[in-house]
Amino acid sequence: MTKMSVFDLSVAGAAAALLMIFFAGACFGSFINCAVIRLTKRTGSLWGRSECPECGHALGAADLIPILSWVFLRGKCRYCRKKISARYPLAELLCGAGFSGIAAARGLSLTALEYAAAFSIIFAGALCDIDTLCVPNGIHLALAAVYLIFLPAQPDPLKCLLNGVFGFLIYGAGLLIFSLIADRILGRAALGGADIKLFAVLGLYFGPAGTLTVLIISCAAGLLGAAITKKGFGREFPFLPYIAFAAWAGMLFADRFAERYLGLFSA
Ligand SMILES: [Zn+2]
């Protein structure tokens, strides 16, 4: 796979490229956020016209510029002046940052495209989990499909597939057994089924060693998040946003960490 780092371009060119990628990511974030809201609240069709969530007024192009429209309108609808949730610009910002982080780490490569697609799907899953504490199986299936679509483009597809399937089985079966035991001890669900399924699919992407990095980061982020928000101890809370963050971090550097673990074992 040919890989061109964005830093091979001039600094100004690289900054412009990253800004464009950020904007594309923010547009994706906007679409994903609205789609999740429409699907979970079952209001309107997925591809329907954008409208104000408060007054239902159709939104024009000037109202739909990611992040900027919300900032310039000071978080209010242009037509009814009611407050628009900060969730809209936040989702756009996070998805934009996610995309540009991937591009900065992976260059303008097929890997970056694969990771951007995977990140978008996990991002949608995280929003579903926040809204409903439930993640549709379509998220896991779509992630697996993206992995399979890009598999033939890997430098060594068979080795990549074996590594992926190994990761899938270890984290799918391992976390299922762990969660069954933990459920018994705690007397409640320790890990959601959607979390286990997601780790299994991430096993495909990152293999056994890389997924361990993702697992460690998501547990650390989850504990930190639960401590800061004072939610999550003793009751169900959305864990997928933390796994999404960890998976994104994994897309940036899990393979480098994995090489180090393997280096440790072989030394
Ligand atoms: Zn309105």
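These legends describe close-up views of a predicted model. Local features are given at pLDDT of at least 70 and side-chain atom pairs at pLDDT 80 or more, while totals for chains, interfaces and linings use all residues. Residues are numbered from 1 along each chain as its sequence is written, and side-chain values use heavy atoms, with hydrogens and water left out.

**View 1. Asp195, a buried charge without a salt bridge.** Asp195 sits in helix α7, which spans residues 193–229. Helices here are DSSP runs of H or I with at least four residues, numbered from the N terminus. Asp195 is buried, meaning under 20% relative accessible area, with exposed being over 50% and partly exposed in between (1.4 Å probe, protein chains only). Asp195 has no salt bridge; that term asks for a side-chain nitrogen of Lys or Arg within 4 Å of a carboxyl oxygen of Asp or Glu. The nearest side chain of opposite charge belongs to Lys197, 9.7 Å away. For charge, Lys and Arg count as positive and Asp and Glu as negative; His and the chain ends are not counted. Leaving out residues up to four places away in sequence, Asp195 touches Phe239, Leu240 and Ile243. Contact means heavy atoms within 4.5 Å.

**View 2. Thr211, a buried residue of helix α7.** Thr211 has 0% relative accessibility, so this residue counts as buried. Its contacts are Tyr171, Phe199, Leu202, Gly203 and Phe206, again without residues up to four places away in sequence.

**View 3. A nonpolar surface patch.** Phe23, Ile65, Leu68, Val71 and Phe72 make a patch of about 510 Å². Patches take residues with over 30% relative accessible area and no salt bridge; nonpolar side chains (Val, Leu, Ile, Met, Phe, Trp, Tyr) are joined within 5 Å, like charges within 9 Å. Areas come from the Shrake-Rupley method with a 1.4 Å probe; for residues, only the protein chains shown count as cover. Helix α2, residues 68–72, gives the most to this patch, with three residues. Leu68 lies in helix α2. Leu68 counts as partly exposed because its relative accessibility is 45%.

**View 4. Ile67, a positive phi in a loop.** Ile67 is not a glycine, yet its phi is about 60 degrees. The loop that holds Ile67 runs between α1 (11–41) and α2. Ile67 counts as buried because its relative accessibility is 17%.

**View 5. Arg74, a positive phi in a loop.** Arg74 has a phi of about 50 degrees and is not a glycine. Arg74 is found between α2 and α3 (87–106). At 73% relative accessibility, Arg74 counts as exposed.

Conventions: Helices (H or I, at least four residues) and strands (E, at least two) are DSSP runs, numbered from the N terminus.
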